[in-house]
Amino acid sequence: MTSSAPTPTPSPGSAEPRTVLITGGAGGIGQSIARAFIAAGDRAILADRDAAAVTAAAPELGAEALALDITDAAAVAAALNDLAERGGVDVLVNNAGILSVHGAVTELEPDAYRSILEVNVIGTFNMIQAFARHRIAAGGGGAIVNISSIGGRQPTPGMGAYESSKAAVDSVTRWAAIELAAHGIRVNAVAPGPVLTPMLEMGMPEGSAAREAWSSRIPLGDLAKTTDIAPSVVFLASTDAGHITGVSLAVDGGQLLT
Ligand SMILES: NC(=O)c1ccc[n+]([C@@H]2O[C@H](COP(=O)([O-])OP(=O)(O)OC[C@H]3O[C@@H](n4cnc5c(N)ncnc54)[C@H](O)[C@@H]3O)[C@@H](O)[C@H]2O)c1
């Protein structure tokens, strides 16, 4: 933990501060999730394959940085073993993901599809497996929150590779939830609609045709801010959600209603 980390205080619904491991922690949504846990009094570890970005982002948030590629199962297992020796991890947020692979079903190269499945599905699985083994060895308990997408339930032309990977994330969430319940480990997902991360905002500034096209699909108006997503993640990881497991909570401004 860096010296700038806040003094931990119990977060709402939690008996004591927890250690929260957030993958893809250098990205827009990951940083926002880290900020929300830290504000609630928890400790955050940001894991990302972009070592330079996560090393730069973590100290500003009062978090710890960890360079980790979630597709490397051996590296993931070693990281969780190391963290177990340093006090353990209570909450895993599987937020790392690739969003940028697009292509029509008639056009997409199989290798491009494979690359997205490797990170979004197999990477998420690697993290769940290593975390679950760690928690079971520690006597059970803990929570996992996977970051899915409503795209897993509602198609947009050209985005099917990404969307089907997120449908798999919802399914893996239910798979892990039913098997890990006996160990007191809850597994849920948060499924955002489009979120205005700094990167997305650059690509579709307010007033642009692309922004309008997305906004017009959302009954509550504009795209989500990252701060619209993070509180649901904190809630699902808290003891206030102690009787909730296996759900994928849409945070989408009502887009799934349309
Ligand atoms: N931005 C949106 O509109 C939106 C909507 C719905 C869901 N999501 C989901 O939210 C999550 C975060 O998205 P974001 O918008 O913040 O994206 P982002 O690109 O800003 O962040 C993703 C982070 O994941 C990291 N990453 C990628 N592959 C990795 C790997 N193999 N190992 C470790 N880290 C890896 C990247 O380096 C990056 O820092 C993703 O799972 C995404 O699918 C995003």
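Trainee: Start with Thr-226. What is Thr-226 in contact with, leaving aside its neighbours within four places in sequence?

Mentor: Thr-226 is in contact with Gly-28, Ile-29, Ser-32, Val-195, Leu-196 and Thr-197. Contact means heavy atoms within 4.5 Å.

Trainee: Is Thr-226 buried or exposed?

Mentor: Thr-226 counts as buried because its relative accessibility is 16%. The scale goes like this: buried is under 20% relative accessible area, exposed is over 50%, and partly exposed is in between, with a 1.4 Å probe and protein chains only.

Trainee: Which side chain does Thr-226 join in a polar contact?

Mentor: That of Ser-32, at 3.3 Å. A polar contact is a pair of N or O atoms within 3.5 Å; within protein, one must be able to donate a hydrogen and the other to accept it, and residues adjacent in sequence count only if both atoms are side-chain atoms.

Trainee: Where does Thr-226 lie?

Mentor: In helix H8, residues 226-237. Helices (H or I, at least four residues) and strands (E, at least two) are DSSP runs, numbered from the N terminus.

Trainee: Before we go on, what sort of model is this?

Mentor: A predicted one: local features need pLDDT of at least 70, side-chain atom pairs count only at pLDDT 80 or more, and totals for chains, interfaces and linings use all residues. Residues are numbered from 1 along each chain as its sequence is written, and side-chain values use heavy atoms, with hydrogens and water left out.

Trainee: What is the mean pLDDT of the chain?

Mentor: The mean is 94, and 94% of the residues reach 70 or more. pLDDT is the predictor's confidence in each residue, from 0 to 100.

Trainee: Where does pLDDT stay under 50?

Mentor: Over residues 1-13. The model has 31 contacts beyond four places in sequence for that stretch.

Trainee: New topic: the core. Which residues touch the most other members of the largest nonpolar core?

Mentor: Leu-21, Leu-66, Met-127, Ile-144 and Leu-180, out of 32 residues. A nonpolar core is a set of buried Ala, Val, Leu, Ile, Met, Phe, Trp, Tyr and Cys residues joined through side-chain atoms within 4.5 Å.

Trainee: Which elements each supply at least two residues of this core?

Mentor: Strand S2 (43-48), helix H3 (73-85), H4 and helix H5 (160-180). The largest share, seven residues, comes from H4.

Trainee: And Leu-21? What is Leu-21 in contact with, leaving aside its neighbours within four places in sequence?

Mentor: Ten names to look up: Ile-45, Ala-47, Leu-66, Leu-80, Leu-83, Val-89, Val-91, Leu-92, Val-93 and Met-127. There is also a second, separate core of 29 residues, which includes Ile-29, Ala-63, Val-195 and Ala-241.

Trainee: On to the strands. How many residues of S2 are buried?

Mentor: Five of the six, so S2 is largely enclosed by the rest of the structure. Strand S1 (residues 19-23) pairs with S2 in the parallel sense over five bridges. Two strands pair if DSSP finds at least two bridges between them. Ile-22 stands opposite Leu-46 in S2.

Trainee: How does the chain cross from S1 to S2?

Mentor: Through helix H1 (residues 28-39), in a right-handed β-α-β crossover. Right-handed means that, with the strands pointing away from the viewer, the path from the first strand over the helix to the second runs clockwise.

Trainee: What joins S2 to S3?

Mentor: Four bridges, and the two strands run parallel. Asp-48 has Ala-67 as its bridge partner in S3. The chain passes through helix H2 (residues 51-61) on the way from S2 to S3, and that crossover is right-handed.

Trainee: Which face of S3 is covered?

Mentor: The one with Glu-64 and Leu-66. Ala-65 and Ala-67 make the uncovered face of this strand, residues 64-67.

Trainee: How many residues of S6 are buried?

Mentor: Seven of seven, over residues 186-192. Arg-186, Asn-188, Val-190 and Pro-192 point one way, and Val-187, Ala-189 and Ala-191 point the other way.

Trainee: Which strands are joined to S6 by bridges?

Mentor: Strand S5 (residues 143-147) runs parallel to S6, with five bridges. Strand S7 (residues 248-251) also runs parallel to S6, with four. Ile-147 has Val-190 as its partner in S6, and Ala-189 has Ser-248 in S7.

Trainee: Last one. Is Arg-133 buried or exposed?

Mentor: Exposed, with a relative accessible area of 56%. Arg-133 lies in helix H4, residues 110-137.
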